[in-house]
Amino acid sequence: MAGSQCCENPPTLIPGYGAGSVTEIGGLKAYVSGPSDSKLSVLLISAIFGYEEPSLRKLADKAAAAGFYVVVPDFFNGDPYVPENVEGHRPLPVWIKSHGTDKGYEDAKPVIAALKSKGISAIGAAGFCWGAKVVVELSKSDHIQAAVILHPSFVTVDDIRESKAPIAVLGAENDHLSPPSLLKQFEEVLSAKTEINSYVKIFPGVSHGWSIRYDTEDESSVRSAEEAQKDMLDWFVEHVK
């Protein structure tokens, strides 16, 4: 079960933030950004705080500028995790019962089908914390052509063993949800899977969530987040084509 580290540094959600727009795709509301006639798509699957997280939308716009049609679905149907001391707060284990990653995986499939029906020929998916598990599940079949997981939760060695898509794993040095010891096991499994491209990278001095929840006033934090985001984009440029 994801612990309190998941809930640290909660973002301020800003409905309407971003250069893109909100539409419906595959039965879910989604923030979309980028050229709608692109044949290449990137799916960003959020952490527990949901698709209105401003830094996630900012990243979507960055990927859109690289030529991808970027989709950030609302897998929580307007019910993202609410931090403590905020009206409507539920303990994380209670919230998770209503928003399991298994449901996220099932909900992602119609979104992908809708993208393919509009002419998308290749899809990359990146998942953050909660979303990483959904991405790994998608990578076990031909749903996506490339995967990136960032500070994952719930992902197991067996999950990585079953992954079939090129996959990049971006982890934090200080992360008790996916500690470096677990990421090293991922690396061992992936290095033996010579049929797919992969790599594991552990970022020093950062904690769970650092790639999208970071102090914009701290140069080191910004630098680490931007490096992870560039790694993600570079992976998609290489493998989603």
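The questions below walk through the sheet, the helices and some single residues of this structure.

Me: What kind of model is this, and how are its residues numbered?
Reply: This is a predicted model, where local features need pLDDT of at least 70, side-chain atom pairs count only at pLDDT 80 or more, and totals for chains, interfaces and linings use all residues. Side-chain values use heavy atoms, with hydrogens and water left out, and residues are numbered from 1 along each chain as its sequence is written.

Me: What is the order of the strands in the open sheet?
Reply: Helices (H or I, at least four residues) and strands (E, at least two) are DSSP runs, numbered from the N terminus. Two strands pair if DSSP finds at least two bridges between them. The open sheet has eight strands with mixed pairing, in the order E1-E2-E4-E3-E5-E6-E7-E8.

Me: Which strands stand at the edges of that sheet?
Reply: An edge strand here has a single partner strand, so one side of it is left without a neighbour in the sheet. The two are strand E1 (21-25) and strand E8 (198-207).

Me: By how many degrees are neighbouring strands of this sheet turned against each other on average?
Reply: Axes are lines fitted to C-alpha atoms, for helices over the stretch in contact, and angles run from 0 to 180 degrees between N-to-C directions. For this average, direction is ignored. The value is 25 degrees.

Me: Do strands E5 and E6 pair in the parallel or the antiparallel sense?
Reply: Strands of a sheet pair through backbone hydrogen bonds, in either sense. Strand E5 covers residues 122-128 and strand E6 residues 146-150, with five bridges between them. Ala-126 has Val-148 in E6 as its bridge partner, and Gly-127 stands opposite Ile-149. The sense of the pairing is parallel.

Me: At what angle to E4 does helix H3 run?
Reply: Helix H3 (residues 101-117) lies across E1, E2, E3, E4 and E5. Its angle to E4 is about 155 degrees.

Me: Is Asp-107 buried or exposed?
Reply: Asp-107 is found in helix H3. Contact means heavy atoms within 4.5 Å. Leaving aside neighbours within four places in sequence, Asp-107 is in contact with Leu-28 and Phe-75. Its relative accessible area is 18%, so Asp-107 is buried.

Me: What does the angle make H3 relative to H4?
Reply: H3 and helix H4 (residues 130-138) pack with their axes 9 Å apart, at about 60 degrees. Angles under 35 degrees count as roughly parallel, over 145 as roughly antiparallel, 65 to 115 as roughly perpendicular and the rest as oblique. So H3 is, relative to H4, oblique.

Me: Which residues of H4 meet H3?
Reply: On the H3 side stand Thr-101, Gly-104, Tyr-105, Ala-108 and Ile-112. The contact of H3 with H4 divides into six nonpolar, two polar and two charged residues. Here Ala, Val, Leu, Ile, Met, Phe, Trp, Tyr, Cys and Pro count as nonpolar, Asp, Glu, Lys and Arg as charged, and the others, Gly among them, as polar. The H4 residues are Trp-130, Lys-133, Val-134, Glu-137 and Leu-138.

Me: Which residues of H7 make the contact with H1?
Reply: The axes of H1 and helix H7 (residues 219-239) come within 11 Å and cross at roughly 40 degrees. That makes H1 oblique to H7. H1 brings Leu-59, Lys-62 and Ala-63 to the contact. H7 brings Gln-229, Met-232 and Leu-233.

Me: How far apart in space are Phe-49 and Trp-130?
Reply: Phe-49 is in the loop between E3 and helix H1 (54-65). Phe-49 is buried, with a relative accessible area of 2%. Phe-49 and Trp-130 are 81 residues apart in sequence. In space, C-alpha to C-alpha, the distance is 9.4 Å.

Me: Which residues does Asp-79 touch, not counting residues up to four places away in sequence?
Reply: Asp-79 is in the loop between strand E4 (69-73) and helix H2 (92-98). Asp-79 is partly exposed, at 24% relative accessible area. It touches Arg-90, Trp-95 and His-99.

Me: What is the phi of Phe-154?
Reply: Most residues other than glycine have a negative phi. Phe-154, in the loop between E6 and helix H5 (157-162), has a positive value. That phi is near 75 degrees.

Terms used
Buried means under 20% relative accessible area, exposed over 50%, partly exposed in between (1.4 Å probe, protein chains only).
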